[in-house]
Amino acid sequence: MTRDACIAAYHGYIDCLSRQDWEKLGEHVHEEASHNGSPLGLAGYRAMLEGDFRAIPDLRFTIALLVAEPQRIAARLSFDCSPVGELFGLAVNGRRVQFTEHVFYRYEQGLIVEVHSLIDTAAIAAQL
């Protein structure tokens, strides 16, 4: 996978998430996907994302920074949303918050197979 192909694939993935097009998630995520070292597989990864959208109904992924090389993506994603109830152990309860996520992806066979994510929960806590 070239750098440009990686970038195009990642934009397609972010679009799939934004549309919550779960039926097409397998076009972007490998059957053996892992998240932060935990093997979830495609079904588990989908369940995680569906849970994110239940917790944050107005969730939108905005790419603030994107660095790519063949087979790898590093991104800083920005969020401006109103989670319901608790989020990452914090009682947000519908308040609007802004935060970022630093996430690293590894592609295999043109699909995301490995994801490592760090969410700035301190930024969320500071807004509550």
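This is a predicted model: local features need pLDDT of at least 70, side-chain atom pairs count only at pLDDT 80 or more; totals for chains, interfaces and linings use all residues.
Local features are taken only at pLDDT of at least 70 and side-chain atom pairs only at pLDDT 80 or more, while totals for chains, interfaces and linings use all residues. Residues are numbered from 1 along each chain as its sequence is written, and side-chain values use heavy atoms, with hydrogens and water left out.

The largest pocket has a volume of about 300 Å³. Here a pocket is an open set of points on a 1 Å grid over the protein atoms alone, where a 1.4 Å probe fits, with protein on both sides within 12 Å along at least five of seven lines; its lining residues have an atom within 4 Å of a point. Points are joined across faces, edges and corners, and the volume is the space filled by probe spheres set on them. Of the 23 lining residues, D52, F61, E101, S117 and I119 are the closest to the centre of the pocket. Two or more lining residues come from each of α1 (3-19), α2 (41-55), β4 (72-81), β7 (97-108) and β8 (111-119); these elements are DSSP runs numbered from the N terminus, with helices (H or I) of at least four residues and strands (E) of at least two. By class, the lining holds 18 nonpolar, three polar and two charged residues (nonpolar: Ala, Val, Leu, Ile, Met, Phe, Trp, Tyr, Cys and Pro; charged: Asp, Glu, Lys and Arg; polar: the others, Gly among them).

Helix α2 deserves a look of its own. Its 15 residues reach 21 Å from first C-alpha to last, close to the 21 Å expected at 1.5 Å a residue (1.5 Å times one less than the number of residues). Within α2, G41, L42, Y45, L49 and F53 are buried, where buried means under 20% relative accessible area, exposed over 50%, and partly exposed in between (1.4 Å probe, protein chains only). Seen down the axis of α2, these buried residues fall within an arc of 160°, so they line one face of the helix; the arc is that of the directions from the helix axis to the C-beta atoms. The face turned away from the buried side carries the exposed residues A43 and R54. The cover over the buried residues includes α1, β1, β2 (38-39), β7 and β8.

Strand β1 (residues 29-35) holds E32 and also H35. E32 is exposed at 63% relative accessible area, whereas H35 is buried at 18%. Leaving aside neighbours within four places in sequence, E32 is in contact (heavy atoms within 4.5 Å) with G41 and V113. With residues up to four places away again not counted, H35 touches L40, Y45, M48, V115 and S117.

In strand β7 lies H102, partly exposed at 34%. H102 touches A75, R76, H116, S117 and L118, not counting residues up to four places away in sequence.

F88, between β5 (86-87) and β6 (90-91), has a positive phi of about 55° although it is not a glycine, and is partly exposed at 41%. N93, in the loop between β6 and β7, has a positive phi of about 50° and is likewise not a glycine; at 52% relative accessibility, N93 counts as exposed.
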